[in-house]
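Here is a short briefing on one structure.

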Amino acid sequence: MIGIVAIAIALLLLMVLAYRGLSLLILAPLLAALVALVSVGTPLLASYTQVFMGAAGDFIVRYFPLFLLGAVFGKLMEDSGSAEVLASAIVKRLGDTRAILAVVLSCAVMTYGGVSLFVVAFAVYPIAAALFRQAGLPKRLIPGTIALGAFTFTMTALPGTPAIQNAIPMPYFGTSPFAAPGLGILTGLVMLGLGQAWLNHRARQARAAGEGYGTHQEKAPPAVHLREHAAGEGFDLAEVTAHPVRDLPPLALALLPIVLVIALNLLFTAVVIPAMDTGYLAEPTYGATSIDSVRGVWSVIAALVIAIGVIIATNLRRLEALTTTLDSGANASLLPIFNTASLVGFGSVIASLAAFETISLWVTSVGGDNPLISLAIAVNLLAGMTGSASGGMSIALATLGDTYLAMGQAKGIAPELMHRVTAVATGGLDALPHNGAVITLLSICGLTHRQAYLDIAVVAVVVPIISLVLLIGMGSLAGSF
């Protein structure tokens with residue numbers, strides 16, 4: 001009982017202190033040490049060097065290429081002007097009469113193509129602010145609108161997304177980024193439809209009350225530039241800080257890298273890698289593994305590398321400081337992966353305690369004969385406690401992944417369905433108020449939790465959980481498709 005209480009207190013402290021801004025690089029090992037100290041028979045130093053660091057290091061070894069390449073890709077899309085062009089083009093075509101949908105789709109296209117959600121938020125916000133002011137929509141709806149497009153269906157549900165939340169389950173279940181494509185698309189459409197319906201409802205309420213945009217003074221976020229000609233496209237950009245005219249790529253060129261990421265990901269997954277002779281993977285030198293455990297990661301790596309090369313080759317004159325851009329992208333990958341790795345190390349220390357066996361027996365028994373329910377609850381709770389979708393998923397899979405895979409196989413549940421349920425489950429409680437992406441988004445928009453969090457909670461917490469329930473129901477009836 002003492003061990004269970006210690007684990008509960010550690011998780012609560014992790015949530016509270018992370019919300020208050022303490023670095024996870026310090027917080028995770030400290031709380032892991034606290035739990036080890038109060039657990040009888042648990043050696044403190046060995047728990048840190050052998051368990052915590054072992055698990056954290058394994059996570060970094062396995063996923064560092066994805067974090068690195070994803071961050072570099074996003075930075076290149078930003079600095080080349082491609083992200084700005086895509087957002088402007090979608091907004092221009094839909095206009096201010098469909099302002100909410102325009103912003104959602106702008107975010108969705110970029111995040112589904114592999115652009116970091118932070119880059120998307122910075123790139124889209126100035127355009128969204130101008131568009132919402134023009135349409136007479138409240139500024140407080142902007143964070144929820146960006147969250148729907150960047151934090152939900154493109155992050156977890158749509159097959160083929162290079163998001164890390166879609167990549168982490170692959171080695172555990174031997175799947176690819178396109179696991180359960182039919183169910184993923186249906187789940188994504190539910191998220192989009194329900195989220196859009198909520199935001200439109202809120203917009204109608206605001207118009208009926210005569211609320212309007214509000215009296216907000218806008219400032220363009222750093223490193224975001226707007227096309228001056230957009231002022232003639234139905235926008236009011238007067239409140240946004242002006243920037244010098246940039247040499248931006250044409251729309252087709254801006255869209256090309258995103259199309260390549262998705263298409264090449266599918267090509268390598270379904271054609272190229274299966275045709276390769278990979279028998280050497282069974283040798284100890286290469287980890288004594290199989291192609292199923294690495295195929296998905298290889299596909300994403302290959303797709304991102306080629307897409308990065310294409311961005312550089314086609315935008316070389318627009319990338320005025322290519323070395324700086326590459327360095328910035330590489331540096332931006334370090335904190336996210338080390339934060340997530342620290343959470344994985346923390347979870348591994350928890351899993352090594354005797355008390356965790358009692359907890360795992362309870363968690364895996366939830367849902368009765370359907371392990372999908374237990375898996376969804378475990379991932380969602382841990383994502384909420386850690387304030388991190390990838391962190392919560394990593395803890396759940398590192399500690400119980402083999403157990404859930406065995407449970408699924410015993411019940412005849414396809415690993416692809418387990419993969420998709422795991423990914424979608426990360427996108428619910430992770431967006432609680434202490435989530436770093438939520439805090440950053442509100443900061444970019446210049447709003448507080450009190451002003452704008454309700455809409456984020458509905459579109460990024462409530463709607464994904466409803467979609468997850470529907471996914472489990474459809475998967476239980478129809479299997480993986």
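The points below are grouped by topic.

This is a predicted model: local features need pLDDT of at least 70, side-chain atom pairs count only at pLDDT 80 or more, and totals for chains, interfaces and linings use all residues. Residues are numbered from 1 along each chain as its sequence is written, and side-chain values use heavy atoms, with hydrogens and water left out.

**Helix 7**
- Ten of the ten residues of helix 7 (residues 142–151) are buried, so this helix is largely enclosed by the rest of the structure.
- Buried means under 20% relative accessible area, exposed over 50%, and partly exposed in between (1.4 Å probe, protein chains only).
- Helices are DSSP runs of H or I, at least four residues long, numbered from the N terminus.
- The buried residues include Ile142, Pro143, Gly144 and Phe151.
- Among the elements covering them are helix 5 (99–112), helix 6 (117–135), helix 11 (181–208) and helix 20 (449–478).

**Cysteines**
- The whole structure holds zero disulfides (a disulfide is a pair of cysteine sulfur atoms within 2.5 Å).
- The sulfur of Cys107 has its closest cysteine sulfur in Cys445, 9.7 Å away, which is too far for a bond.
- Cys107 is buried at 0% relative accessibility, and Cys445 is buried at 1%.

**Second largest pocket**
- Its volume is about 410 Å³, meaning the space filled by probe spheres set on grid points joined across faces, edges and corners.
- A pocket is an open set of points on a 1 Å grid over the protein atoms alone, where a 1.4 Å probe fits, with protein on both sides within 12 Å along at least five of seven lines; lining residues have an atom within 4 Å of a point.
- Of the 18 lining residues, the closest to the centre are Leu11, Ile359, Val363, Leu382 and Met385.
- Helix 1 (2–19) and helix 14 (322–351) are among the elements that give two or more residues to the lining.
- The lining has 16 nonpolar residues, two polar and no charged.

**Aromatic pairs**
- A search of the whole structure finds four aromatic pairs (ring centres of Phe, Tyr or Trp, with its six-membered ring, within 6.5 Å; planes under 30 degrees apart are stacked, over 60 edge-to-face, the rest tilted).
- Tyr48 and Phe52 are stacked, because their ring centres are 5.6 Å apart and their planes are at 25 degrees.
- Both lie in helix 3 (residues 44–79), four residues apart, about one turn of the helix.
- Tyr48 is partly exposed at 40% relative accessibility, whereas Phe52 is buried at 4%.
- Phe59 and Phe67 pair edge-to-face, with centres 6.2 Å apart and planes at 65 degrees.
- Phe59, Tyr63 and Phe67 form one aromatic cluster.

Technical notes:
Contact = heavy atoms within 4.5 Å. Nonpolar A, V, L, I, M, F, W, Y, C, P; charged D, E, K, R; others polar.
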